[in-house]
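Please look through the model shown here, with its sequence alongside.

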Amino acid sequence: MKNPNNKKKQDKPPKGDDVRAGAGAERYRAPLPQRSDGKVVGVDSHPDFVVAAVCQGREAFSARTVEVTGQMGIGEFVQWAAGRFRRDDLILVEASGNSFHLCAELQAAGLRCAVVESAALSRYADPWKDDDRRAAERIVTGYLTGLAPCVWTPDEKTRERRDLLHCYRRAEQEETAAGNEIKGFLNQHGIRAGKRSLKNSKTLEWVLAQRQWSPVQRRLIEERFAAHAAAARRRREFRSMICAQIAACPLMRRCMRLAGIGPINAFAALAVIGDCSRFACPKSLAAYLGLNPGAKTSGASKHAKVGVGKGRGRQDMRTLLIQAAQALLRSRRPDPLQKWGAALLFRKGHRNIAVAAVARKLAMRLWRVLSFEQPIEGIEHNDALLSKMRKLLTDMGRAARADLGLTGTLLSDAALLCLLNPLPAPPSP
């Protein structure tokens with residue numbers, strides 16, 4: 001029987017990165033100190049203090065703890081580490097709320113630092129006895145055994161983009177939840193808003209005129225509409241900020257030239273993926289996002305297929321690509337990827353399979369765009385690209401356009417963005 005796991009070997013980057021199967025280039029092994037007296041330091045980080053365990057040795061069974069610090073502030077620890085350790089030493093920080101910030105501070109001080117995956121370390125904690133000292137020592141032990149890999153440390157700009165994307169997605173969820181709450185409340189009283197927009201002030205007046213509401217009910221309805229309006233306002237503001245960053249970033253505008261990739265997906269590509277050079281091939285990026293199918297086999301009787309996701313990969317970016325694939329399959333534009341997905345849907349008879357396959361294709365095309373690989377398939381037609389840029393400028397608002405020097409008409413500014421950083425596009429149909 002052919003082993004399906006053999007296909008994963010071609011997804012791995014070159015030797016030395018030690019990437020685990022299914023994790024993409026996010027997980028790796030930082031090199032240990034080369035000299036025999038090199039130190040490996042485990043840091044248990046908290047919001048206001050850290051505890052460090054200084055260990056010596058390159059193997060888990062022979063490593064010994066030579067020093068354990070008390071509780072130290074972030075700035076105090078950075079100064080202490082800069083005067084105590086050398087560039088060849090390795091400082092390990094468990095992934096937590098401020099681990100990336102602490103790692104950046106240590107790297108700015110000239111030290112070598114890596115962030116260790118917290119999920120792998122939690123398996124080795126004693127359920128009956130644990131403290132900051134043992135947690136710091138456990139970071140070193142788990143790393144030296146090879147069972148606790150490191151994660152990629154994003155730069156400050158990427159972390160800022162991730163925060164903005166998270167706020168936008170959160171506001172979008174709050175707006176949807178508030179709208180569903182309004183519709184559910186109206187359904188209890190036999191009222192359906194139909195195609196009326198909940199963002200329109202006249203809809204509230206229409207709802208209040210449908211029946212004789214009690215004072216409490218009127219107050220609850222007004223409160224729900226106010227919460228929906230506040231969430232919609234926050235979403236518009238965050239979307240305007242995102243569109244302004246896209247208009248100022250040539251690489252994001254380059255991503256928008258792909259069919260099926262809109263402003264949010266283009267922004268998320270840089271926010272989530274970050275430095276695309278850490279992925280050796282498109283399949284590594286698909287594995288990092290959790291878009292690679294898997295299989296579980298045992299003996300001759302067990303052979304189960306594992307779909308995309310299933311608790312692995314970056315759910316935020318994968319969700320956006322799944323939504324883009326759904327929209328691409330529903331569209332009636334003459335796009336080759338849409339035709340390919342429709343043919344796959346007809347052949348397999350399951351929509352989720354076709355959607356996941358189209359999303360994986362989009363991820364692989366994003367890798368080629370971000371890696372400046374040629375040729376690139378799926379380039380948007382000129383008319384469709386112009387429509388995207390006009391929508392982008394509309395969502396930005398006049399103030400944001402003026403800040404970027406786009407003071408012309410909407411059509412002329414959209415055409416200018418299309419001309420910047422061009423890609424070979426097919427003629428419009």
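**A walk through the chain**

Phe372 is placed in the loop between α13 (351-370) and α14 (382-396), where helices (H or I, at least four residues) and strands (E, at least two) are DSSP runs, numbered from the N terminus. The model is a predicted one, in which local features need pLDDT of at least 70 and side-chain atom pairs count only at pLDDT 80 or more, while totals for chains, interfaces and linings use all residues. Residues are numbered from 1 along each chain as its sequence is written, and side-chain values use heavy atoms, with hydrogens and water left out.

Phe372 has a phi near 60°, a positive value in a residue other than glycine. As background, most residues other than glycine have a negative phi, and most peptide bonds are trans. With a relative accessible area of 51%, Phe372 is exposed; on this scale buried means under 20% relative accessible area, exposed over 50%, and partly exposed in between, with a 1.4 Å probe and protein chains only.

For the chain as a whole, there are 16 helices and 9 strands, and buried residues make up 45% of the 429 residues. Taking contact to mean heavy atoms within 4.5 Å, one finds that, among contacts between residues at least 6 apart in sequence, 64% join residues at least 24 apart.

Which aromatic rings pair with one another? A search of the whole structure finds 4 aromatic pairs, where rings of Phe, Tyr and Trp (its six-membered ring) pair if their centres lie within 6.5 Å, and planes under 30 degrees apart count as stacked, over 60 as edge-to-face and the rest as tilted. One of the pairs is that of Phe77 and Trp80, whose ring centres are 6.0 Å apart and whose planes are at 35°, so this pair is tilted. Both residues lie in helix α1 (residues 74-84), 3 residues apart, about one turn of the helix, and Phe77 counts as buried at 0% relative accessibility. Another pair is that of Phe185 and Trp213, with ring centres 6.0 Å apart and planes at 25°, so this pair is stacked. Because Phe185 lies in helix α5 (residues 156-188) and Trp213 in the loop between α6 (201-208) and α7 (215-248), the pair ties together parts that are 28 residues apart in sequence. Phe185 and Trp213 are both buried. Phe77 and Trp80 also belong, with Phe85, to one aromatic cluster.

Aromatic faces take part in another arrangement, in which a charge sits over a ring if NZ of Lys or CZ of Arg is within 6 Å of the ring centre and within 35 degrees of the ring normal. Arg29 lies over the face of Tyr143, at 4.5 Å from the ring centre, and Arg278 lies over the face of Trp152, at 4.0 Å from the ring centre.

Two packed helices are described by the angle between their axes and the distance between the axes. Helix α1 and helix α2 (residues 99-108) pack at an angle of about 35°, with their axes 10 Å apart; the axes are lines fitted to C-alpha atoms, for helices over the stretch in contact, and angles run from 0 to 180 degrees between N-to-C directions. On the α1 side the contact is made by Ile74, Phe77, Val78 and Ala81, and on the α2 side by Leu102, Glu105 and Leu106. By class, this contact of α1 with α2 has 6 nonpolar, no polar and 1 charged residues, where Ala, Val, Leu, Ile, Met, Phe, Trp, Tyr, Cys and Pro count as nonpolar, Asp, Glu, Lys and Arg as charged, and the others, Gly among them, as polar.

Further along, His228 is found in helix α7 and is buried, with a relative accessible area of 5%. Leaving aside its neighbours within four places in sequence, His228 is in contact with Glu175, Ala178, Gly179, Ile182, Leu198 and Lys199.

Asp395, in helix α14, counts as buried at 19% relative accessibility. Its C-alpha atom is separated by 8.8 Å from that of Ala244, although Asp395 and Ala244 are 151 residues apart along the chain. Apart from neighbours within four places in sequence, Asp395 is in contact with Arg239, Ser240 and Cys243.
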